[in-house]
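Here is a short briefing to keep beside the viewer. Have a look at the model first, then read on.

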Amino acid sequence: MTQKSRQIFDSQFAALSDAERKEILKDYVSWEKEYLKVLRAGPINIIVFERHRNKSESQFDTAYIVLENGRPKIANFGAQKSPLDVFISQYVLKPTPYLENISEKFLRK
């Protein structure tokens, strides 16, 4: 994690007991992840994935990965969704009339 992401992680989990941390981790790993796209955006790679779990609605998520000293690090841990994240999850990753309309307008045939 980048320094900022590490600070957010530590602030959220440092005060938790071991039992609470284990419960949160258990919940997180119970979601299956399907990696959909890796977007290269200059110095940032954006990994787009969908999380699935029985009896729960699928959720789209993104991880922003940057290189620091040649090592990949998560740059957006605990960050609120950016407008790009919302756009991708609502319009690009779900079949909607919007996606069809924008595809017709901008994709070459």
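Predicted model: local features only at pLDDT ≥ 70, side-chain atom pairs only at ≥ 80, totals over all residues.

Residues are numbered from 1 along each chain as its sequence is written, and side-chain values use heavy atoms, with hydrogens and water left out. The protein has four helices and four strands, taken as DSSP runs numbered from the N terminus (H or I of at least four residues for helices, E of at least two for strands).

**Overall fold**

- Read from the N terminus, the elements follow the order α-α-β-β-β-β-α-α.
- The radius of gyration, taken over C-alpha atoms, is 17 Å, whereas a compact globule of 109 residues would come near 13 Å (the globule rule is 2.2 Å times the number of residues to the power 0.38).
- The C-alpha trace spans about 55 × 40 × 20 Å along its principal axes.
- Of the 109 residues, 18% count as buried (under 20% relative accessible area, with exposed over 50% and partly exposed in between, using a 1.4 Å probe and protein chains only).
- Contacts are heavy atoms within 4.5 Å; among those between residues at least 6 apart in sequence, 27% join residues at least 24 apart.

**The sheet**

- Four strands make an open sheet in the order β1-β2-β3-β4, with antiparallel pairing (two strands pair if DSSP finds at least two bridges between them).
- At the edges are β1 (32-41) and β4, each pairing on one side only.
- From one strand to the next, the twist averages 30° (axes are lines fitted to C-alpha atoms, for helices over the stretch in contact, and angles run from 0 to 180 degrees between N-to-C directions).
- β1 and β2 run antiparallel and are joined by nine bridges.
- Two residues separate the strands in the hairpin of β3 and β4, where N69 takes a positive phi near 55°.
- Helix α3 (residues 83-92) lies across β1, β2 and β3, and runs at about 135° to β3.

**V48 in its setting**

- V48 sits in strand β2 (residues 44-52), and K37 stands opposite V48.
- At a relative accessible area of 2%, V48 is buried.
- Not counting residues up to four places away in sequence, V48 touches E34, Y35, L36, K37, L39, D61, T62, I88 and L93.

**Aromatic rings**

- There are four aromatic pairs (rings of Phe, Tyr and Trp, the last by its six-membered ring, with centres within 6.5 Å; planes under 30 degrees apart are stacked, over 60 edge-to-face and the rest tilted).
- The rings of F13 and F77 have centres 6.4 Å apart and planes at 50°, so this pair is tilted.
- F13 lies in helix α1 (residues 3-13) and F77 in the loop between β4 and α3, so the pair ties together parts 64 residues apart in sequence.
- F13 is buried at 17% relative accessible area, while F77, at 23%, counts as partly exposed.
- Y35 and F49 form another tilted pair, 5.5 Å centre to centre with 45° between the planes.
- Y35 belongs to strand β1 and F49 to strand β2, so that pair ties together parts 14 residues apart in sequence.
- Y35 is exposed at 57% relative accessibility, but F49 is buried at 7%.
- F9, F13 and F77 form one aromatic cluster.
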